[in-house]
Amino acid sequence: METSETASEKVLETRLLSRFLRGLWSLTNRDLKKWYLAPTILLISLIQPVVWLGLFGNAFNLGKIFTGTSFNIPGLNIPQSVLNSLGNTLLTNTFGTTSYFSFLAVGMLAFIVLFTSMMSGMSIVWDRRFGFLDKLLTTPVPRGSIVVAKILNGVIRSLAQAVIVLVIAVILGMTLTYVNTWSVIVTFGALFLLGFGMSSLFVLLALHSKDWQSQMAIANLLNLPLLFMSNAFFPVSEMPSWLQAVASVNPVSFAINIGRNALLGIPSSTPIIYDFAYLSIFAVALGAISIILSWKLLKD
Amino acid sequence: MKEKVISVRKLSKFFGKGFVAVDAISFDVFTGEIFGFLGPNGAGKTTTIKVLTTLLSPSSGDATIFGYSVKNDAAKVRASVGVVPQEFTADEDLTGFDNALLMADLYGIPRKAAKQRIAELMDLVELSSAAKRKVSTYSGGMRRRLELAIGLVNHPKVLFLDEPTLGLDVQTRTAVWNYIKKLKNDYKMTLFMTTHYLEEADSLCDRVAIIDHGKIIKIDSPSDLKASIGGDIIQLAINDKNTDLSNLLKKVKGIKTVKKISDEYRIKVKAAETIAPKLITLISSKGYQVTKLSMTKPTLDEVYLEYTGRSLREEEASAGDMMAQRRTMRLSRS
Ligand SMILES: Nc1ncnc2c1ncn2[C@@H]1O[C@H](COP(=O)(O)OP(=O)(O)OP(=O)(O)O)[C@@H](O)[C@H]1O
Ligand SMILES: [Mg+2]
């Protein structure tokens with residue numbers, strides 16, 4: 001039997017939910033507005049992954065080491081075509097594809113998600129510095145809206161930036177043999193989960209540290225190892241065993257794994273579903289921890 | 001009896017281990033009045049406002065606003081108050097209008113009503129023409145007025161103003177004073193403001209609490225505060241220098257003391273402007289003429305000096321610099 005009390009509680013609950021969503025929508029909008037109204041910042045953040053793509057993917061093309069060399073064994077006059085196909089086999093065995101550029105491009109998608117999440121999470125430090133956060137806290141907006149809006153802002157920015165990096169990579173010559181709508185959806189699904197988890201983590205760290213220098217230091221301390229101890233540049237199988245151990249639990253590797261499988265057809269050592277489950281747990285766990293702890297941090 | 005809007009009981013706020021920023025203060029603010037906190041830098045004014053607007057939780061004691069406790073019913077308190085903070089907190093990258101609209105959203109005001117309301121508020125603070133400009137292009141006075149408009153966006157029944165005219169020029173300050181009076185008179189709003197400008201407390205506030213080192217030293221209306229340290233002084237002289245009218249003058253109602261110093265009478269009264277005409281009539285009725293008359297009102301500064309043993313004037317002189325300093329500090333800390 002339902003008492004009138006529980007009914008009124010339900011009304012309060014739906015009210016809270018709609019207030020939460022309204023606050024979330026307005027606050028996310030505010031952050032996104034600041035972003036698309038300042039396109040230079042957007043462009044600057046694209047420079048790094050694109051330069052890396054150009055540098056490591058094209059200029060120092062690892063693939064060239066295996067193919068197109070003038071190397072030959074004296075006495076055995078191996079035809080160039082045989083050498084090339086030998087190189088390609090080696091490439092495929094190592095990277096799973098003959099195009100190192102494409103291999104790296106997927107890594108760069110994760111890279112941009114990682115760094116954009118970091119920058120967006122940091123913006124809450126500025127909000128606190130300039131008193132804007134205090135202003136928000138004097139309004140009756142549910143505290144959760146403030147935190148989730150920051151996370152959402154990080155996720156949306158990350159995905160948008162990833163789309164741009166992908167387009168640039170395609171223009172620069174990424175292999176498109178396997179790419180279709182479905183594979184793009186799968187890839188961005190994985191990037192969404194990665195972005196959600198990382199943004200949650202950075203919002204939480206930002207709320208904890210009260211100045212941006214220390215936040216920046218912590219962020220780099222996290223981001224660079226996360227990136228280099230992942231399969232972004234090299235396949236895990238080619239790493240020393242201790243690094244393999246790290247890389248194989250690193251969520252960045254999981255997102256890249258999914259992306260490479262979907263976009264390039266590189267076989268994954270684990271079923272994609274398993275990778276997705278891992279990333280989902282990562283995202284949900286960090287999201288929950290961040291929202292709960294931020295609640296406390298926002299209080300005083 | 002007027003209804004209590006804010007009720008503060010033994011409220012304290014400590015920072016760190018032993019630092020007491022607000023020390024067991026108690027007071028009530030009644031509906032429709034302008035209540036002022038007057039005190040020097042670091043007295044605990046902003047801390048009190050932050051506790052009352054739920055930004056900080058009290059270390060001990062409690063305060064209620066419309067009966068809602070800042071400790072236990074924070075959400076209800078937030079929904080019913082407006083805040084104009086000491087520092088500029090609007091988002092520099094957005095327009096004035098967008099800032100106000102965002103706040104309206106956070107208060108859950110329907111979009112259509114919000115837009116109309118914001119247009120009215122921008123009109124009130126004379127920012128209509130600048131509403132669509134980025135806040136980063138605003139002058140200090142414009143920012144202060146924008147903060148005021150934003151503080152009013154939820155049509156609060158009680159508004160907290162933290163040093164609303166700090167760092168403003170005389171003209172803008174007068175304009176802000178007029179808005180504040182308008183809020184009280186036209187909208188019957190209850191206002192809680194802090195200031196360290198004596199004129200401000202004097203001309204705006206119905207009641208003033210003098211606060212120093214986190215303690216309230218005295219609460220009263222500006223005129224009673226001034227009266228409490230002795231009242232106004234009327235100095236007059238008459239054409240007949242040889243007669244002493246002291247005893248006659250002492251009989252007039254409202255006169256506290258009369259002293260004849262050489263040719264002049266130094267008379268302490270409660271309110272000079274009502275007593276002086278009476279004195280002139282009395283003196284003329286006895287056939288004498290007033291040849292000289294001056295009135296001196298004690299200032300809140302003297303009151304302040306009396307109760308805290310320090311003068312506010314010196315501190316006030318550098319308030320503009322302080323303000324500039326504080327903003328740079330804020331920027332460099334970040
Ligand atoms: N977060 C904090 N941590 C530690 N001390 C604080 C904090 N906030 C304020 N204080 C201290 O509490 C005291 C009161 O500060 P408060 O800001 O309330 O002063 P105020 O009366 O508003 O001064 P002003 O006129 O300069 O604005 C000051 O000594 C200040 O240094
Ligand atoms: Mg202050």
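A crossing of two helices is right-handed if the near helix is turned clockwise from the far one by less than a right angle. Keep that in mind as we work through this predicted model.

**Exercise 1.** Work out how helix α3 and helix α4 of chain B are placed relative to each other.

*Solution.* 
1. Start with the axes: those of α3(B), residues 96-106, and α4(B), residues 111-124, come within 10 Å and cross at roughly 135 degrees.
2. Angles over 145 degrees count as roughly antiparallel, and 65 to 115 as roughly perpendicular. The pair is therefore oblique.
3. Now use our opening definition: α3(B) passes α4(B) in a right-handed crossing.
4. Look at who touches whom: B:Phe97 and B:Leu101 are among the residues on the α3(B) side, and B:Ile118 and B:Met122 are among those on α4(B).
5. Sorted by class, this contact has seven nonpolar, one polar and three charged residues.

**Exercise 2.** Describe the interface of chain B and chain A.

*Solution.* 
1. Contacts join 35 residues of chain B to 27 residues of chain A.
2. The two chains bury about 2,600 Å² between them, 57% of it on carbon and sulfur atoms.
3. Seven salt bridges are found across the interface.
4. A:Lys34 forms a salt bridge with B:Asp91, with the closest N and O atoms 2.9 Å apart.

Definitions and conventions: Residues numbered from 1 in each chain as written. Chains lettered and ligands numbered in written order. Predicted model: local features only at pLDDT ≥ 70, side-chain atom pairs only at ≥ 80, totals over all residues. Heavy atoms only, no water. Axes fitted to C-alpha atoms, helices over the stretch in contact; angles between N-to-C directions. Helix = DSSP H or I, 4+ residues; strand = E, 2+ residues; numbered from the N terminus. Parallel < 35°, antiparallel > 145°, perpendicular 65-115°, else oblique. Contact = heavy atoms within 4.5 Å. Nonpolar A, V, L, I, M, F, W, Y, C, P; charged D, E, K, R; others polar. Buried area = accessible area lost by both parts, 1.4 Å probe. Salt bridge = Lys/Arg side-chain N within 4 Å of Asp/Glu carboxyl O.
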